[in-house]
Amino acid sequence: MTNEEIKQHIIAVQPNGVFDETGEWLQVYVEGGEWKPFAQWLRNDVLQMDFLFCLTCIDWSATATGKALFTMVYHFTSTVFRHTIVVKVKLDRNNPEIETVSDCWRTAEFHEREVFDLFGVKFLHHPDLRRLVLTDDFEGYPLRKDFEDPVNMIKL
Amino acid sequence: MYRETKILEVDRKVSPTGGDLEGALVINIGPQHPATHGVLHLVITLQGETIQKIEPHLGYIHRSIEKMCESLSYRQFIYVTSRMDYLSAHINNHGCAMCVEKGLQLEVPPRAQVIRVLMGELTRIASHELWWGAMAMDLGAFTPFFYAFRERETINDIMEETCGARLTMNYMVPGGVMYDIHPNFQQRVKDFIQLFNNKIDEYDDLVTGNIIFQNRTKGVGVLSAADAISYGCTGPVARGSGVACDIRKLYPYAAYDKVTFDEIIETAGDSYARYLVRIKELRQSVRIIEQLIDNIPEGDFQAKTKAVLKLPKGEFYSRVETARGEFGVYIVSEGSTTPYRIKFRSPGFSNLSALDHMSRGCKIGDLMAIMGTLDLVIPDIDR
């Protein structure tokens with residue numbers, strides 16, 4: 001499917017979706033509240049986005065505008081049609097919460113645990129939301145831009 | 001006894017799918033265990049000898065490479081990625097260099113493209129060799145390990161001569177490769193290929209056709225195609241389940257569109273299928289090298305770049321096929337000399353997440369046969 005066709009399909013279910021075609025792939029911004037039904041639609045309906053190959057988060061607080069904002073970034077490919085899209089969901093940095101998609105894509109379970117561990121994003125209804133790489137009593141979230149650890153320096 | 005009860009209560013809470021855990025036994029494998037090939041820690045719930053649940057505990061070698069890269073320049077950060085999947089160092093570097101080139105819209109000279117592919121395929125052979133030896137060793141055959149290392153040593157010597165290092169080569173730079181190939185390179189690779197073709201037959205005689213090996217791997221750790229996709233598995237793990245996912249074929253990069261080779265796909269989905277995929281991939285890598293080794297184009301080995309690289313504002317993603325699967329680099333740039341955020345999508349991380357699903361219902365003795373064919377490199381998973 002071409003980007004234009006994908007766009008038409010998405011507009012049909014997400015009239016408020018914001019598109020961005022500057023990157024390599026089509027990007028869609030979705031509201032946090034609409035994310036879960038949209039994810040289920042992506043996985044099971046016409047687009048058949050069955051392969052979630054990258055799930056990550058970006059902390060925008062160190063940019064020039066300094067907005068307290070997180071962006072969840074999901075990269076999808078369909079192994080049936082071979083098209084790729086990027087879905088982004090903006091989160092409030094002070095209270096980052098989003099619905100889990102680990103029931104749609106099993107790989108999300110580990111990836112979401114990693115994001116929870118390093119960014120502190122809370123995934124609602126996740127089956128096993130614990131720290132993945134750091135110890136359970138670790139304080140802070142290392143990939144946030146304001147994280148400083150004077151003992152074990154990560155920044156150079 | 002006290003500790004056992006305590007863990008079981010937690011398990012019941014977090015894993016409703018874990019089945020009846022009454023009378024179950026919880027054992028730890030690792031983080032210091034010869035069969036996990038690194039600091040991987042598995043907490044296994046057993047019912048008798050049957051695996052009910054496997055919970056990987058990660059982080060013993062987490063170095064926060066993604067955070068480190070945020071304060072390194074676009075030239076520097078590539079070197080850190082050799083330390084992730086150290087058996088596919090060239091290919092990791094290649095993926096990162098490609099991502100920076102995408103941002104700079106830099107054209108890489110054909111000579112560099114071909115050298116990159118040659119190095120990548122040599123790396124793949126070396127990596128599969130180590131896997132083959134270690135896998136057979138996990139299942140109790142010690143001899144193959146020495147056979148595998150004998151040939152791998154030759155590749156390491158070739159690498160040492162051209163790149164100056166044997167394991168973490170750091171040979172790829174944005175725009176090409178760091179220096180031209182050594183004058184002996186072509187001849188030595190040709191000698192190696194000639195010798196190696198017979199060696200793969202020897203591997204088949206030693207292990208592939210071995211009845212004990214087949215009995216231990218066939219029908220063990222079955223992963224269906226749909227599950228492989230859902231768990232994000234890539235590389236030989238997914239191709240053993242019948243999923244076509246070779247990035248070299250689907251999204252050809254460097255010189256892969258100029259060579260002919262087959263994407264190896266097996267459909268059984270068990271450990272033996274994953275084994276066959278890797279062994280057959282060795283022959284395909286040899287095929288690629290044979291086509292390119294005499295046809296390295298003349299010209300520059302590196303494009304001209306500025307001393308300080310600045311990526312324009314935006315997001316860039318590049319993907320390459322390492323020996324373990326799809327390696328992705330996601331760079332978010334704010335227009336400065338360092339990446340604002342960088343994410344490495346490592347193949348091992350997703351492949352490991354399928355381990356629990358594949359092993360449930362298998363016997364504890366089968367676990368090594370399953371883990372062996374996942375070909376885990378722990379620093380790649382932890383990052």
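Biologist: What is the bridge partner of Gly314(B) in β7(B)?

Modeller: In this predicted model, Gly314(B) has Ser333(B) of β7(B) as its bridge partner.

Biologist: And what makes β6(B) and β7(B) a pair?

Modeller: Two strands count as paired once there are at least two bridges between them. β6 (residues 314-321) and β7 of chain B have 8 bridges and run antiparallel, so by that cut-off they pair. They also form a hairpin with 4 residues between the strands, where Gly325(B) has a positive phi near 145°.

Biologist: What does β7(B) pair with in the antiparallel sense over 5 bridges?

Modeller: That is β8 (residues 341-345) of chain B. In that strand, Lys343(B) sits opposite Tyr330(B).

Biologist: Why is β7(B) called largely enclosed?

Modeller: A residue is buried if 20 or more other C-beta atoms lie within 10 Å of its own. For β7 (residues 326-333) of chain B, 8 of the 8 residues are buried, so the strand is largely enclosed by the rest of the structure.

Biologist: Which residues of β7(B) point one way, and which the other way?

Modeller: One set is Glu326(B), Gly328(B), Tyr330(B) and Val332(B); the other is Phe327(B), Val329(B), Ile331(B) and Ser333(B), and all are buried. Side chains in a regular strand alternate between the two faces of the sheet.

Biologist: How many bridges join β2(B) to β1(B), and how many join β2(B) to β3(B)?

Modeller: There are 5 bridges between β1(B) and β2 (residues 41-47) of chain B, with Ile27(B) opposite Ile44(B). Between β2(B) and β3(B) there are 7, and Thr45(B) faces Lys53(B). The hairpin of β2(B) and β3(B) has 2 residues between the strands, and Gly48(B) in the turn has a positive phi of about 65°.

Biologist: Now helices. How do you know that the span of α6(B) agrees with what it should be?

Modeller: Take 1.5 Å a residue: the 21 residues of α6 (residues 143-163) of chain B should span 30 Å, and the end C-alpha atoms are 30 Å apart, so the two agree.

Biologist: What do the buried residues of α6(B) pack against?

Modeller: Those residues, including Ala148(B), Ile155(B) and Met159(B), pack against α5 (110-138) and α7 (185-208) of chain B.

Biologist: Why are α7(B) and α12(B) called roughly antiparallel?

Modeller: The label goes to angles over 145 degrees. α7(B) and α12 (residues 271-292) of chain B pack at about 165°, with axes 11 Å apart, and are therefore roughly antiparallel. Their crossing is left-handed. Among the residues making the contact are Ile193(B) and Phe196(B) of α7(B) and Leu282(B) and Val286(B) of α12(B).

Biologist: Last one: how many residues does each chain give to the contact between chains A and B?

Modeller: Chain A gives 26 residues and chain B gives 30. On the side of chain A that touches chain B, β3 (51-59) and α3 (108-119) each supply at least two residues, and the largest share, 6 residues, comes from β3(A).

Terms used: Residues numbered from 1 in each chain as written. Chains lettered and ligands numbered in written order. Predicted model: local features only at pLDDT ≥ 70, side-chain atom pairs only at ≥ 80, totals over all residues. Expected span 1.5 Å × (residues − 1). Buried ≥ 20, exposed ≤ 12 C-beta atoms within 10 Å, placed from the backbone. Contact = placed C-beta atoms within 7 Å. Axes fitted to C-alpha atoms, helices over the stretch in contact; angles between N-to-C directions. Parallel < 35°, antiparallel > 145°, perpendicular 65-115°, else oblique. Left-handed = near helix turned anticlockwise from the far one by under 90°.
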